[in-house]
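This briefing summarises selected packing and pairing features of one protein chain, grouped by topic. Please consult the sequence and the structure shown below alongside the text.

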Amino acid sequence: MKDTDIQALLLEYLSGRGAAPKISYAPLLQEGVLGQRSKSTGDITIDPRVGPGVLSHELTHSAQSEMLMQAVENPAFRKIYEQLYGAKGSGEKAVETARSLAPAWTDNPVNAAYRSSPRELQAFGVGMSPQPDTRYEVRAPLHVDPTLATEFMILLDAAIRAQEQ
């Protein structure tokens, strides 16, 4: 799946929930930050010099927030959400998946503080899978990003299907 396909699918889901974010492009002032999503507004800002995977990463964060809301609203979706991500948005299932593939990397305190946290595991997985971006200092071991991306896309498909019912 190409980045543009992933972005279109994420935007389709978000639009269907009335939550499509405003996306702008501007140089970001903080070193090492290639994109960011406002927690208060949901708006996304992307550094114009980066590749499309960064937008996919930030759109994944938007979809994560909506999926949590959808899991609260829809008991049928909640079941698969909890199976693939964890109860009440905990993300323990995403961490378990990463740990099963790369335990030392997942549990490394430096990674656990950010890169191997539940939300970032999925977002980096989706953003890095079509074409890994070498600018990230903390890359995951082989299979972590594609596996988490696949699980997230299964969850996204379930969310879209539940929305259509």
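Pro118 is in contact with Gln64, Tyr85, Ser90, Gly91, Ala94 and Val95, when neighbours within four places in sequence are left aside. The coordinates belong to a predicted model. The points below begin with this proline and continue with the nonpolar core, a helix pair and the sheet.

- Pro118 is located in helix α7.

**The largest nonpolar core**
- The largest nonpolar core comprises 37 residues, of which Tyr13, Met67, Phe77, Val144, Phe152 and Leu156 touch the most other members.
- Two or more residues of this core are given by each of α1, β3 (44–46), α2 (53–73), α3 (75–84), α4 (92–101), α7 (118–128) and α8.
- Helix α8 supplies the largest share of the core, namely 11 residues.
- Val144, one of the core members that touch the most others, is in contact with Ala98, Leu101, Ala102, Trp105 and Leu121, residues up to four places away in sequence not being counted.

**Packing of α1 against α8**
- Helix α1 (residues 3–16) packs with helix α8 (residues 144–164) at an angle of about 35°, and their axes are 10 Å apart.
- The two helices, α1 and α8, cross in a left-handed sense.
- On the α1 side, the contact is made by Ile6, Leu9, Leu10, Glu12, Tyr13 and Gly16.
- On the α8 side, the contributing residues are Phe152, Met153, Leu156, Ala159, Ile160 and Gln163.
- Sorted by class, the residues of the α1 contact with α8 are 9 nonpolar, 2 polar and 1 charged.
- Tyr13, Phe152 and Leu156 take part in this helix contact, and these residues are also among the core members that touch the most others.

**The sheet**
- An open sheet is formed by 3 strands in the order β1-β3-β2, with mixed pairing.
- β1 (23–25) and β2 (35–37) each have a single partner strand and stand at the edges, so one side of each is left without a neighbour in the sheet.
- Direction ignored, neighbouring strands of the sheet are turned by 15° against each other on average.
- Strands β2 and β3 pair in the antiparallel sense, over 3 bridges.
- Arg37 stands opposite Ile44, a residue of β3.

Methods: Residues are numbered from 1 along each chain as its sequence is written. This is a predicted model: local features need pLDDT of at least 70, side-chain atom pairs count only at pLDDT 80 or more; totals for chains, interfaces and linings use all residues. Side-chain values use heavy atoms; hydrogens and water are left out. Axes are lines fitted to C-alpha atoms, for helices over the stretch in contact, and angles run from 0 to 180 degrees between N-to-C directions. Helices (H or I, at least four residues) and strands (E, at least two) are DSSP runs, numbered from the N terminus. A crossing is left-handed if the near helix is turned anticlockwise from the far one by less than a right angle, and right-handed if clockwise. Contact means heavy atoms within 4.5 Å. Ala, Val, Leu, Ile, Met, Phe, Trp, Tyr, Cys and Pro count as nonpolar, Asp, Glu, Lys and Arg as charged, and the others, Gly among them, as polar. A nonpolar core is a set of buried Ala, Val, Leu, Ile, Met, Phe, Trp, Tyr and Cys residues joined through side-chain atoms within 4.5 Å. Buried means under 20% relative accessible area, exposed over 50%, partly exposed in between (1.4 Å probe, protein chains only). Two strands pair if DSSP finds at least two bridges between them.
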